[in-house]
Amino acid sequence: RDIMLIGSDVTVKAGSFGTAEDELFQKASAMARATGLPRVYIACNSGARLGTVEELKPLVQIAWADDADHLKGFDYLYLKEADLAKLPADTVRSHPVTVGGEVRHVL
């Protein structure tokens, strides 16, 4: 029986998923649904690869747990409202919070 086989390989970019891999996965999945083929996904990966989204990296802000001591970690990553508006619609999934009168879009 024919199947749609999709896989990631840890020996190629640590098996991480970037925008190109995401698009390939989406198109292969859509083709499997359209043709009625079972889709099998074999994953050997390390997660998302945000480093490939260079236009997003300078816009991401960090909400530090303690602004005076970054070793205490962070609470969340976010985009400022003006920065989110620079991106194409539906590029980023976020939810708004207001901190000190500033609207932040938490990633």
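Predicted model: local features only at pLDDT ≥ 70, side-chain atom pairs only at ≥ 80, totals over all residues.
Arginine 104 has a relative accessible area of 14%; the cut-off for buried is under 20%, so I put it down as buried.

Next I looked up where that residue sits. Arginine 104 belongs to strand 6. Its side chain makes a polar contact of 3.0 Å with the side chain of tyrosine 76. I then listed what else arginine 104 touches, skipping neighbours within four places in sequence: Ala63, Tyr76, Tyr78, Leu79, His95, Pro96, Val97 and Val99.

From there I followed the strand. Strand 6 covers residues 102–106 and pairs with strand 5 in the antiparallel sense, over five bridges.

I found an open sheet of four strands in the order 3-4-6-5, with antiparallel pairing. Strand 3 (61–64) and strand 5 (95–99) are the edge strands, each pairing on one side only. With direction ignored, neighbouring strands here are turned by 45° against each other on average.

Last entry: aromatics. I got a count of two aromatic pairs. In one of them, phenylalanine 25 and tyrosine 41, the ring centres are 5.1 Å apart and the planes stand at 75°, so I logged the pair as edge-to-face. Phenylalanine 25 is in helix 1 (residues 19–35) and tyrosine 41 is in strand 2 (residues 39–42), so this pair ties together parts that are 16 residues apart in sequence. Is tyrosine 41 buried or partly exposed? I noted tyrosine 41 as partly exposed, at 32% relative accessibility.

How values were computed
Residues numbered from 1 in each chain as written. Heavy atoms only, no water. Pairing = 2+ DSSP bridges. Helix = DSSP H or I, 4+ residues; strand = E, 2+ residues; numbered from the N terminus. Axes fitted to C-alpha atoms, helices over the stretch in contact; angles between N-to-C directions. Buried < 20%, exposed > 50% of the residue type's maximum accessible area, 1.4 Å probe, protein only. Polar contact = N/O pair within 3.5 Å; in protein donor to acceptor, adjacent residues only side chain to side chain. Contact = heavy atoms within 4.5 Å. Phe/Tyr/Trp six-rings, centres within 6.5 Å; stacked < 30°, edge-to-face > 60°.
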